[in-house]
Amino acid sequence: MNFSCSSAFITLATVDLEKLVLFYSNLLNIKPQHYTLNSYAEFQLPGLRLGIFKPKQMHQPEFENSSSAMSLCLEVSDLENAVAHLTSLGYPPLGETLTASHGKEIYAYDPQGNRLILHQSS
């Protein structure tokens, strides 16, 4: 099995996307490179992409009681192989593969309970 991770970036979950996008736009003095109203914004920084997203209603409860709203997003070339690899490590993803506007993704957790998003672009 080949995990083949091509990039990684940090995402922050928020129910008030516009407020957080405005904050980071002002803090970083840049506008998001990608922006979908009330859904997702992404800032390109040297050596880092920062994504900010509004969780879908069904996923909001997992962020309400969390001490952190961060997720580690791993861009993979083959989502099925990545899922198989993660499963072989003893940490199978929870739920089903989702289709988002930017590709397919599935959620999992690391040994410390940090949220991982395995993502394959369309």
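This is a predicted model: local features need pLDDT of at least 70, side-chain atom pairs count only at pLDDT 80 or more; totals for chains, interfaces and linings use all residues.
The lining of the largest pocket divides into 11 nonpolar, 10 polar and seven charged residues. The protein chain around it has three helices and eight strands. Its radius of gyration is 14 Å, which agrees with the value near 14 Å for a compact globule of 122 residues.

**The largest pocket**

- Of its 28 lining residues, the closest to the centre are Y40, F53, A100, H102 and E105.
- By residue class, the lining holds 11 nonpolar residues, 10 polar ones and seven charged ones.

**Fold and overall dimensions**

- From the N terminus on, the elements follow the order β-α-β-β-β-α-β-α-β-β-β. The total is three helices and eight strands.
- Along the principal axes, the C-alpha atoms fill a box of roughly 40 × 30 × 25 Å.
- Take the contacts with a separation of 6 or more: residues 24 or more positions apart account for 47% of them.

**Burial and surface**

- Buried residues make up 35% of the 122 residues in the chain.
- The chain exposes about 7,500 Å². Carbon and sulfur atoms supply 55% of that area.

- F43 is placed in strand β3. Its relative accessible area is 0%, so F43 is buried.
- What does F43 touch, leaving aside neighbours within four places in sequence? Its contacts are V21, Y24, S25, L28, I30, K31, P32, Q33, L48, R49, L50 and I52.
- F43 and M70 lie 27 residues apart in sequence. Their C-alpha atoms are 15 Å apart in space.
- E75 is found in strand β5. Is E75 buried or exposed? E75 counts as buried because its relative accessibility is 11%, and the cut-off for burial is under 20%.
- Beyond its neighbours within four places in sequence, E75 is in contact with S4, C5, S6, S7, H119, Q120 and S121.
- One of these partners, H119, is 44 residues from E75 along the chain. The C-alpha atoms of E75 and H119 are separated by 4.9 Å.

**Two asparagines with positive phi**

- N29 has a phi near 60 degrees, a positive value in a residue other than glycine. N29 is found in the loop between α1 (17–28) and β2.
- N29 is exposed, with a relative accessible area of 68%.
- N38 also has a positive phi, about 60 degrees, although it is not a glycine. Its place is the loop between β2 and β3.
- N38 is partly exposed, at 41% relative accessible area.

- M1 is found in the segment before β1. With a relative accessible area of 68%, M1 is exposed.
- Which residues does M1 contact, leaving aside neighbours within four places in sequence? They are A84, H85 and S88.
- M1 and G47 are 46 residues apart along the chain. Their C-alpha atoms are separated by 28 Å.
- E64 sits in helix α2 (residues 60–64). E64 is exposed, with a relative accessible area of 60%.
- E64 and T14 are 50 residues apart in sequence. In space, C-alpha to C-alpha, E64 and T14 are 9.6 Å apart.

How values were computed:
Residues are numbered from 1 along each chain as its sequence is written. Side-chain values use heavy atoms; hydrogens and water are left out. On a 1 Å grid over the protein atoms alone, a cavity is a set of points where a 1.4 Å probe fits but cannot get out, and a pocket is an open set with protein on both sides within 12 Å along at least five of seven lines; lining residues have an atom within 4 Å of a point. Ala, Val, Leu, Ile, Met, Phe, Trp, Tyr, Cys and Pro count as nonpolar, Asp, Glu, Lys and Arg as charged, and the others, Gly among them, as polar. Helices (H or I, at least four residues) and strands (E, at least two) are DSSP runs, numbered from the N terminus. The radius of gyration is taken over C-alpha atoms; the globule rule is 2.2 Å times the number of residues to the power 0.38. Buried means under 20% relative accessible area, exposed over 50%, partly exposed in between (1.4 Å probe, protein chains only). Contact means heavy atoms within 4.5 Å. Accessible areas come from the Shrake-Rupley method with a 1.4 Å probe; for residues, only the protein chains shown count as cover.
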